[in-house]
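User: I would like a close look at one part of this model, with its charged pairs and surroundings. Please keep it brisk.

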Amino acid sequence: SDARICVQPSRSAAGGQLNAKQLNNRISNASGTEELLTLFAAHSTSLDHIHAGNLWNKLGKQNIERRHEEQLERLVQRTLELIPFCDARNLANIAHGAAKCRLPASVVSSLFAAIAEAAVRKGFAGFKPQELANTVW
């Protein structure tokens, strides 16, 4: 069963609707931090746990600047709402990507605590060695 929280389709900048798969593809193909954060801002209410994992994974590969911190704080808050729906892969992608963004502890400590709690609660079920390594990195 799919536990996505996507009640309404999100809208693209041009006003067209994006379904969950289209949004995930846009995140995957985004060209950099600005585009990723713009996608988050435009679609934050329809962002699901899979999108969050993908978004953090992609952001972890970007050059994050201090000017991005406010938007990333909003992403942390939205991600906290989605943690209960995450599987091992989503948790690993979020943890690894957020760590690579090198945000201040004051911004991400609650996110890392929620990830750790969710992983322990699930008994680390479903974690492959690489996912476990990425989570604790």
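Predicted model: local features only at pLDDT ≥ 70, side-chain atom pairs only at ≥ 80, totals over all residues.

Is Arg74 buried, partly exposed or exposed, and what is its relative accessible area?

Analyst: Arg74 is partly exposed, with a relative accessible area of 43%.

Arg74 has a charged partner. It forms a salt bridge with Glu70, and the closest N and O atoms are 3.2 Å apart. Glu70 is exposed, at 55% relative accessible area. Both residues sit in helix H4, which covers residues 69–82. They are four residues apart there, so about one helical turn separates them. Side chains of opposite charge can pair when their charged atoms come close.

Now the other charged pairs. The structure holds six salt bridges. One of them joins Glu69 and Arg66, at 3.6 Å from N to O. Glu69 is buried, with a relative accessible area of 15%, whereas Arg66 is exposed at 69%.

Arg67 and Glu65 form another salt bridge, at 2.7 Å from N to O. Arg67 counts as exposed, with 55% relative accessibility. Glu65 counts as partly exposed, at 34%.

Back to Arg74 for a moment: its relative accessible area of 43% makes it partly exposed.

Helix H3 spans residues 49–59. Eight of its eleven residues are buried, so the rest of the structure largely encloses H3. The buried set is His49, His51, Ala52, Gly53, Asn54, Leu55, Trp56 and Leu59.

What do these buried residues pack against? H4 is one of the partners. The others are helix H1 (20–28), helix H2 (33–43), helix H5 (88–100) and helix H6 (105–121).

The N-terminal end of H3 has a cap. Asp48 provides it. A side-chain oxygen of Asp48 lies 2.9 Å from the backbone nitrogen of Ile50.

To draw this together: H4 carries the Arg74 and Glu70 pair, and the buried residues of H3 pack against H4.

Notes
Residues numbered from 1 in each chain as written. Heavy atoms only, no water. Salt bridge = Lys/Arg side-chain N within 4 Å of Asp/Glu carboxyl O. Buried < 20%, exposed > 50% of the residue type's maximum accessible area, 1.4 Å probe, protein only. Helix = DSSP H or I, 4+ residues; strand = E, 2+ residues; numbered from the N terminus. Contact = heavy atoms within 4.5 Å. Polar contact = N/O pair within 3.5 Å; in protein donor to acceptor, adjacent residues only side chain to side chain.
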